[in-house]
Amino acid sequence: MNIKLFICFCSVIYLAGCQSTSPSAPLTPPDILNNVSFEHQPVESVEEIFSLSPEIINQFHQSIHHTPDAKIMTRELLTFIFESSTNKLNYVSGSTLTANQTFSQQNANCLSLSILAHALAEELGLDSRFQRVYIPEYWALDQGFNMLTGHVNLKINRQAFESQDGVTRFYNYADSLTVDFDPNSREQGFPTQFIDKSVIAAMFYNNKGAQALVNQQYDRAFSYFKAGIDIAPHYSGSWGNVGILFKLNNQYNAAEQAYQFAIKLDEDNNTAKGNLAILLSLTGREEQAKVIQDELELKRQSNPYYHIAKGNEAYIHNEYQMAMRHYRKALTLDKKSHESYFGLARSYYQLGDTKLAERYLKQAHKSARFSFDIERYQSKLSHLSAAINY
């Protein structure tokens with residue numbers, strides 16, 4: 001499968017997985033970023049990513065009951081994010097925004113929501129830390145590119161400080177609270193790992209850069225990827241993405257160096273491995289490419305999202321029977337996968353079987369978890385019903 005981008009979105013926005021594992025001894029990055037023809041463009045500063053406007057801060061403090069109990073304040077924090085009288089925020093997997101933009105524009109993915117929640121928690125003096133959530137590899141298709149989705153969440157310690165008469169009192173509770181904007185992740189209880197704020201900033205830059213790359217805005221993409229590398233040089237995902245950019249611009253040597261370094265930083269960066277295999281095949285090294293591809297194929301056979309991605313790839317090439325085989329395989333691994341049901345629905349529709357198309361579209365609608373997907377499937381059901389009854 002031609003997996004082309006690693007992106008920390010949370011799908012339903014993870015981020016993805018978002019690789020953050022660093023080697024025990026820091027490696028020296030390859031010198032491939034200074035001798036390039038891309039034109040630098042301005043990007044958001046780290047301060048802009050995490051800061052809140054005075055207006056939002058004032059509104060926030062007016063809505064919070066300041067108590068020593070961080071559990072109560074965290075609940076009120078989440079209520080403020082989603083149910084403010086001036087803001088009704090929706091979950092949108094592909095929307096990567098700063099803390100300010102997330103609150104103002106009403107659309108955000110898990111990375112953006114976690115950034116906003118972290119900024120608000122800091123405003124309350126709560127101790128909050130970002131976590132990578134180790135979900136299975138998950139791909140989303142965007143304009144012909146397979147984007148690997150990841151997931152992050154936020155852990156807030158149940159502790160608080162109170163100052164009175166010049167004396168600071170410290171309250172410490174036995175456990176912590178995890179703020180996770182993906183209900184599936186919460187239910188599954190996937191393993192987690194703490195990640196630095198700098199890595200979160202790098203993920204932000206990578207998401208923005210990946211979208212620019214998809215839109216063929218290569219100078220902008222390079223500016224974002226380089227910003228991610230500058231802030232967190234040993235974050236594997238940045239190097240994998242900048243390798244994609246080099247490859248698309250026929251800079252094969254630089255692309256290969258970027259992929260290799262990404263893999264040295266994180267042996268589990270399967271996306272960089274897959275893209276390296278594509279490059280090896282492209283440059284006449286088919287045997288080396290096949291070794292990597294066979295290894296990845298074996299790893300991914302038990303992952304339903306892999307089969308969904310393969311199904312989507314077959315569907316794009318009008319291979320509808322092949323696509324359905326992959327969607328059905330995905331359902332044997334995860335019977336609640338709305339993407340698999342939707343894949344079957346649109347495949348049957350293309351084959352002229354509107355009855356089965358409607359049946360599986362109803363299953364997709366029933367299995368969807370987020371309002372965005374539910375509304376999307378409902379709209380498609382309405383249009384299909386109208387077409388059938390016309």
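I call a crossing left-handed if the near helix is turned anticlockwise from the far one by less than a right angle, and right-handed if clockwise. By that rule, I noted the crossing of H15 and H16 as left-handed.

I am working from a predicted model, where local features need pLDDT of at least 70, side-chain atom pairs count only at pLDDT 80 or more, and totals for chains, interfaces and linings use all residues. Residues are numbered from 1 along each chain as its sequence is written, and side-chain values use heavy atoms, without hydrogens and water.

**Whole chain.** I found 17 helices and 9 strands in the protein chain. These are DSSP runs numbered from the N terminus (helices H or I, at least four residues; strands E, at least two).

**H15 and H16.** I looked up residues 338-350 (H15) and 354-367 (H16). The two helices pack at about 160°, axes 7 Å apart. Therefore H15 runs roughly antiparallel to H16 (angles over 145 degrees, on a scale from 0 to 180 between N-to-C directions). Axes here are lines fitted to C-alpha atoms over the stretch in contact.

Next I checked the contacts (heavy atoms within 4.5 Å). On the H15 side I listed, among them, His338, Tyr341 and Phe342; H16 brings residues including Thr354, Tyr360 and Ser367. By class, this contact has 11 nonpolar, 4 polar and no charged residues. Nonpolar covers Ala, Val, Leu, Ile, Met, Phe, Trp, Tyr, Cys and Pro; charged covers Asp, Glu, Lys and Arg; the others, Gly among them, are polar.

**Ile135.** I placed Ile135 in the loop between strand E4 (128-133) and strand E5 (138-142). Its C-alpha is 7.0 Å from that of His151, 16 residues apart in sequence.

Key
Parallel < 35°, antiparallel > 145°, perpendicular 65-115°, else oblique.
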